[in-house]
Amino acid sequence: MKQIGLYIHIPFCEKKCYYCDFTSVPGNMELIRKYEKYLIKEIVIQAEKFGKYDIGTIFIGGGTPSVLEQTSIGNILGIIRERFKIVPDAEISMEINPGTLTYEKAVSYKNAGINRVSMGIQSMNDNNLRIIGRIHSKDQVVSTVDILRNAGFENINGDLIFGLPHQSVDDFHKTLDKVKELNLEHISMYGLILEENTLLYHWYKKGLVSMPSEDEERHMYHSGIRMLEQNGYRQYEISNLAKKGFECRHNLGYWKLNPYIGVGLSSHSSIDNRRYWNTSVFNEYFSMIDENILPISGEETISKDLMESEYLILRIRLNEGISFVDYETRFNRSFMQKYERVVNKHIETGLLMISEDRISLTDKGKDLSNLVEVDFLP
Ligand SMILES: C[S@@+](CC[C@H](N)C(=O)[O-])C[C@H]1O[C@@H](n2cnc3c(N)ncnc32)[C@H](O)[C@@H]1O
Ligand code: SF4
């Protein structure tokens, strides 16, 4: 049976970070318990439709799933196991915030079947962490990794953000030196996006915080990738590095356009040539589930052209790039016949490189990938 990915959204955090525009709110226990009850009802409705598929990967994200009560993750995975078939070697990830984990919780996650933990670190500098509104210190990151290792986790990711307010290149290198010591299996390294809806954006517009220059930000990115590569990590996507064999299978599924379903507020699904997304409004979510219908608020059919441009845009962000054979197998025509002009143009601009069987981004192309991506639009 075809394998799909399953994403579960937990829209709660202890406190909103100043840069973050994800669908999450600081929830009270009453709302959190109610949401959990409805999430489980939604899993049951989804299973009536998609229970025939095997689940290859599960990602419990947010928000901060570790703000739920200790038994909640086990309850959620329990109902998934009851209603779906999870393949024996499934990757089952969850996100945590270092300020919200205890040893007891970590053990309960392990016992529930979680085998990969993704932790928001962002920086190993306490001033940086304060300015962006994180609820934890750098020392709590270190103790959280200890807790996770003692609980038996052998696959841990750490999220970092570079280009933070007042951050220098040297600050970021110091963060990386400390992160290297944590010896994690996977690192995601995101450039800060100043999202309009956030406090940080508002402060920046008012001139209350200063940001690193574009050159400094790019320097952090390239030197950061190099430092991690010298320490046993391999970059496999623009923002992601892993030790061998620890690439995130769930995210690779998104980037390779494999089918997935999303459960929970604002989650997205892409399956059977259809893409749809759940409402982001709590009351709508609750009332649609009360009516026993999926809480969908929008959808689109994925036309062949849209599918092709998404394939190209997502694949080009992977280090392996676009394989001519894979493209031909999927779309039944020659890649170079259709895209020779785009490829030649961007070999000339220095953004693309070509080898016998594929094209991929150069280092310069990783900075300016949007210029290549627009040429793949229908
Ligand atoms: C859902 S959070 C991870 C788990 C947990 N909520 C936490 O923050 O510790 C996902 C990740 O997205 C990244 N992120 C969120 N907003 C961002 C922004 N505006 N710019 C760059 N990265 C961002 C952060 O690295 C964050 O760890
Ligand atoms: S970065 Fe993580 S903890 Fe901070 S508000 Fe966003 S989802 Fe919540």
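How many nonpolar, polar and charged residues does the shell around ligand 1 have? Let us take a look, one close-up at a time.

This is a predicted model, in which local features need pLDDT of at least 70 and side-chain atom pairs count only at pLDDT 80 or more, while totals for chains, interfaces and linings use all residues. Residues are numbered from 1 along each chain as its sequence is written, and chains are lettered from A and ligands numbered from 1 in the order in which they are written.

**View 1. The shell around ligand 1.** The shell has eight nonpolar, six polar and three charged residues. Here Ala, Val, Leu, Ile, Met, Phe, Trp, Tyr, Cys and Pro count as nonpolar, Asp, Glu, Lys and Arg as charged, and the others, Gly among them, as polar. Glu-95, Asn-97, Gly-120, Asp-159 and Tyr-190 come nearest of the 17 residues around the ligand; a residue is near a molecule if its C-beta atom, placed from the backbone, lies within 6 Å of it. At least two shell residues come from each of strand 2 (54-62), strand 4 (116-122) and strand 5 (156-162). Strands (E, at least two residues) and helices (H or I, at least four) are DSSP runs, numbered from the N terminus.

**View 2. The surroundings of ligand 2.** Among the residues around ligand 2 are Cys-13, Cys-17 and Cys-20, along with Lys-16 and Phe-22. By class, the shell of ligand 2 divides into four nonpolar, six polar and one charged.

**View 3. Ile-132, in a loop.** Look for Ile-132 between helix 4 (126-131) and helix 5 (138-150). Is Ile-132 buried or exposed? Ile-132 counts as buried because it has 22 C-beta neighbours inside 10 Å; the cut-off is 20 or more for buried, 12 or fewer for exposed, and partly exposed in between, with C-beta atoms placed from the backbone. Leaving aside neighbours within four places in sequence, its contacts (C-beta atoms within 7 Å) include Cys-17, Tyr-18 and Leu-200. The C-alpha atoms of Ile-132 and Cys-20 are 9.2 Å apart, although 112 residues separate them along the chain.

**View 4. Glu-214, in helix 8.** Helix 8 (residues 214-229) holds Glu-214. This residue counts as exposed because it has 10 C-beta neighbours inside 10 Å. Its C-alpha atom is separated by 46 Å from that of Ile-289, 75 residues away along the chain.

Technical notes: Two residues are in contact if their C-beta atoms, placed from the backbone, lie within 7 Å.
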